[in-house]
Amino acid sequence: MKIKSPKDFWAGLMFIAFGLFFLVVARNYQMGSAVRMGPAYFPSVLGGIMAVLGAIIVFQSMIFAGPPIPKLSFKPLFFISLALVLFGYLLKPLGFILALAVLIFVCAFGGHEFRAKEVAMLTVVLIIFSVLVFVKGLTLPFPLWPEKFS
Amino acid sequence: MKRILVLLALLAGAAGAGAQSWPSKPVRLICPYPGGPVDISSRVIAQKLQEALGQPVVVELKPGAGGVIAADYVAKSAPDGYTLLMGAIATHAINPALMPSLPYDPIRDFRHVALVVQVPNVLIVNTDLPAKNVRELVAYAKSRPGKLDFGSGSTGSTGHLAGELFKQMTGTFMVHIPYKASAPAVLDLISGRLHLMFDNLASSLPNIKAGKVRALAVTTRMRTDFVPELPTLDESGLKGFDMTTWWGVMAPAKTGNDIVARLSGEILRALDSADTKERLRTMGSETPSVRSPEAFTAFIESEKALYAKLVKVSGAKPD
Amino acid sequence: MDMSIFSNLALGFGVALTPINLLYCLIGVLLGTLIGVLPGIGPVATIAMLLPVTFSLSPITALIMLAGIYYGAQYGGSTSAILVNLPGESSSVVTCLDGYQMARQGRAGVALATAAIGSFFAGCVATLIVAMFAPPLAEVALKFGPSEYFSLMVLGLVAAVVLAHGSVLKAIAMVILGLLLGLVGTDVNSGVLRFAFGISELADGIGFVVVAMGLFGIAEIITNLELKDEREVFTNKVTNMWPTREDWKRMWKPILRGTFLGSALGILPGGGALLASFGAYTLEKKVSKYGHEFGKGAIEGVAAPEAANNAGAQTSFIPLLTLGIPSNAVMALMIGAMMIQGIAPGPQVMTEKPQLFWGMIASMWVGNLMLIVLNLPMIGLWIKLLTVPYRILFPSILVFMAIGVYSLSNNPFDVLLMMLFGLLGYIFTKLECEGAPLLLGFILGPLMEENLRRAMLLSRGDPIVFFTKPISAGFLIASIILLIILLLPNIRKKREEAFVEA
């Protein structure tokens, strides 16, 4: 058997994995009966169906030809993810303003080109705008500066 | 005269606090239930506190896990009076009984500042049901074991537990149908898909008045002055039946006495003011009977004991 | 139906057109548009925040402003969906599909104008429907019980497959994945925590905004950044801002159909309004002769769902005004706002407080008029936004997304989760698995399971109820027919391929 449609092959495998995952985890909950369906009933049925669908998709990928999977680009993936996580977990300790600066600088590395001066200006503009709109205007309860200095 | 006394008492309190300059920055009131009556009353109280304390009082939403996330957050916050909780019957009386591993202790981890809202529940039935009072309902249910359905806003809610207690005290057997909120359950009650439910008085009052549902009794020990002609379950043969939904302001355990006293005083003053009273009243709240931090703690202790017992007898548990 | 409707509407306009009410209506729709454009900041949080401000207002003024926030947010939501593929609300997910593609082709202005026109028309019709038929339509809401809702959800799921334009099998698998993700959190019936793995933030399930913005917004940014040249992201030539004669010809029928479908679904408090935009898109894709263009920038794919969504937003006031039953979180908050003003929402509002009832209905029309007058001139400004270099645009989008998602429950966990869904969405695009069916499954999953289990409990385990109740049976039959229609061309195609190969 040869993989003729790699996109479908991997998609099918992904569905099988997700299906089995939900099926296995649902074993921790009660199945119940048709009258009193337990918490495991619905997810088990769905997980099973999805695994079967995944298997059919994998099978089809060996028969019908399809285009190859385009290359993954890890640079934007990495910097965008890192920027978001840093922002989330730095907002409370560092305050809104510094967390925003971190977010903008880190994600800008994921772009096509990094122009330090431009990013710095963008940071200032976005921070002013966000503080005015979100903190002053919509009164979101974010600390502006690190706890110690406020 | 009374006002002058209060003023003097406040001045004395302020003098006692001395070096303490609380509050010198915005105070956060954490609310576990966005969008509902708890959220709304939090904002009513926050606005009054803000006027009285001279610092912004911001309501911050922290939903999740039936209020556990918010309560746990405040329990572990700095006890400096800047982080408060709108704690409720679920976070402080029902969850401890339902959830085996609660991350906080509802009594020891908190200062219970002031009870803000107390709402009675009411037993309502579909209008096609022949039962006109509680006795007739019990007889009707007994002649049809397992045939009647009662709805509730969620598993483990006061509506659910009231139904289970009702079943247990009357020896009837009915099926509990849980919903995601009480509104869709009321809809199914009006249209006859459910037979009865225990709902909060404020939200069912309009439908009771419009004759869309029939009210048989209130769940509180005393009759409510919203519908004085409505009997209590206690006087309808279910001796000792007493359930109220409530919520109030709490602070982390080590919060100073002067802060708790100041907050409690300001909240009580707000609750006694005509406009706040009126606003909370339209939400179905009676003026709280509990009027000091100590009494509030005692009240929560008794509620916690009540629901521990109730959850046990009803067998209600998250499986 | 009698002539009193005119005197009632006259009374309503008398209230809605007073200077103070006009002012607060304007404030409401402006604020609504703003929070609608900003992803993650929803009307629920905004209305709750503004409640104290309304204490000092008269009840009708307060309600007019709050309602304005609600439908203003619906308008604003489509703007960020079209411009940058950011669905801030469930209703704008569908708008992303073709609206964003139109923007990529330089037709953002046309898409925005279409959305505004469709919404305005739908808003007018739906307001009239609310005014004329609110009480009898409330009876429709009462006819829908668990079995009817379950069957409606089944129809919705079958329709979900139409949202995708690729492989049907993959679309079905994505719907199911969505259903399963929707089950994460506390089980309504038993109170058990499912698929939460001890993470307390998951107890209330995964937020819709988190999934939608991850799959659509974040994945789109990463995909755009991997293009060799950033000028490829948006074509710089903006063809035209205003719909052409051809566009008008193509959009009016979808708007009409979307309006009626949305009005009908909006009445159902059990999640009907959620289906409005999805349903309208599916319908158009099936009946339109441009069906093959859907997903590649078809104007019908913007016109119909936008109309449906706005119509549904208006008619979802019906259960609130006539029964005191909220159909969604915003309506629940409106009930609170009414209570705080000393009004108990319910059947008696219409008779006891006719000024309030009719004033609010009239203000909805006024608000819709304000929205279109405000929004059409804004289009030029929005389009300018797309000429900003992408290296400036994408950090700005990320900033708004991160703030919005963080504010959902003031917790970094939601931001983390959005990032994970962004990764997943990126992988999906590589594997040609489409996000829209997943999102519809995600919305429907919990509703479907809940109603299925409730129906089975009420019938004591007899599945026949789904077929003996006429409305429920009707939906199920419609689902079967739709399924056959969906599969037929597929089978035919496969057979044709087989023949060719033979």
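Biologist: How many residues of chain C are in contact with chain A, and how many residues of chain A do they touch?

Modeller: Keep in mind that this is a predicted model. In it, 51 residues of chain C are in contact with 57 residues of chain A.

Biologist: Which elements give two or more residues to the side of chain C that touches chain A?

Modeller: Those are α8 (168–182), α9 (208–225), α17 (390–409), α18 (412–430) and α19 (435–458) of chain C. The largest share, 11 residues, comes from α17(C). If you sort that side of chain C by class, you get 35 nonpolar, 5 polar and 11 charged residues.

Biologist: What about the radius of gyration of chain C?

Modeller: Start with the secondary structure: chain C has 21 helices and 2 strands. Its radius of gyration is 22 Å, close to the 23 Å from the globule rule for 502 residues, so chain C is as compact as a globular protein of that length. The C-alpha trace of chain C spans about 75 × 60 × 50 Å along its principal axes. Of the 502 residues in chain C, 65% are buried. Among its contacts between residues at least 6 apart in sequence, 80% join residues at least 24 apart.

Biologist: How many helices and strands does chain B have?

Modeller: Chain B comes to 11 helices and 9 strands. With 319 residues, a compact globule would have a radius of gyration near 20 Å, and the 21 Å of chain B agrees with that. The C-alpha atoms of chain B fill a box of roughly 70 × 45 × 30 Å along the principal axes, and 53% of the 319 residues count as buried.

Biologist: Now helix packing. By what are two packed helices described?

Modeller: By the angle between their axes and the distance between the axes. Take α4 (residues 96–108) and α5 (residues 116–137) of chain A: they pack at an angle of about 140 degrees, with their axes 10 Å apart. Only angles over 145 degrees count as roughly antiparallel, and α4(A) and α5(A) are therefore oblique to each other. The crossing of α4(A) past α5(A) is right-handed.

Biologist: Which residues of α4(A) and α5(A) make the contact?

Modeller: From α4(A), they include Phe96(A), Leu100(A), Ile104(A) and Ala108(A); from α5(A), among them are Leu122(A), Leu126(A), Ser130(A) and Val135(A). By class, the residues of this contact divide into 13 nonpolar, 2 polar and no charged. A handy rule when you look at such lists: an α-helix has 3.6 residues a turn, so residues three or four places apart point the same way.

Biologist: At what angle do α2(B) and α3(C) cross?

Modeller: Helix α2 (residues 37–53) of chain B and helix α3 (residues 43–54) of chain C cross at roughly 45 degrees, and their axes come within 9 Å. That makes α2(B) oblique to α3(C), and the crossing is right-handed. Asp39(B), Ile40(B), Arg43(B) and Gln47(B) of α2(B) meet Ala48(C), Leu51(C) and Pro52(C) of α3(C). Here the classes are 4 nonpolar, 1 polar and 2 charged.

Biologist: Back inside chain B, how many residues of α3(B) are buried?

Modeller: Helix α3 (residues 68–75) of chain B is mostly covered, with 7 of its 8 residues buried. Asp72(B) and Tyr73(B) are among the buried ones. The buried residues of α3(B) pack against β1 (27–31), β3 (83–88), α4 (89–98), β4 (110–126) and β9 (244–252) of chain B.

Biologist: And Pro130(B), is that buried or exposed?

Modeller: The cut-off for exposed is 12 or fewer neighbours. Pro130(B) has 9 C-beta neighbours inside 10 Å, so it counts as exposed. Pro130(B) lies in the loop between β4 and α5 (134–143) of chain B.

Key. Residues numbered from 1 in each chain as written. Chains lettered and ligands numbered in written order. Predicted model: local features only at pLDDT ≥ 70, side-chain atom pairs only at ≥ 80, totals over all residues. Helix = DSSP H or I, 4+ residues; strand = E, 2+ residues; numbered from the N terminus. Rg over C-alpha atoms; globule rule 2.2 N^0.38 Å. Buried ≥ 20, exposed ≤ 12 C-beta atoms within 10 Å, placed from the backbone. Contact = placed C-beta atoms within 7 Å. Nonpolar A, V, L, I, M, F, W, Y, C, P; charged D, E, K, R; others polar. Axes fitted to C-alpha atoms, helices over the stretch in contact; angles between N-to-C directions. Parallel < 35°, antiparallel > 145°, perpendicular 65-115°, else oblique. Left-handed = near helix turned anticlockwise from the far one by under 90°.
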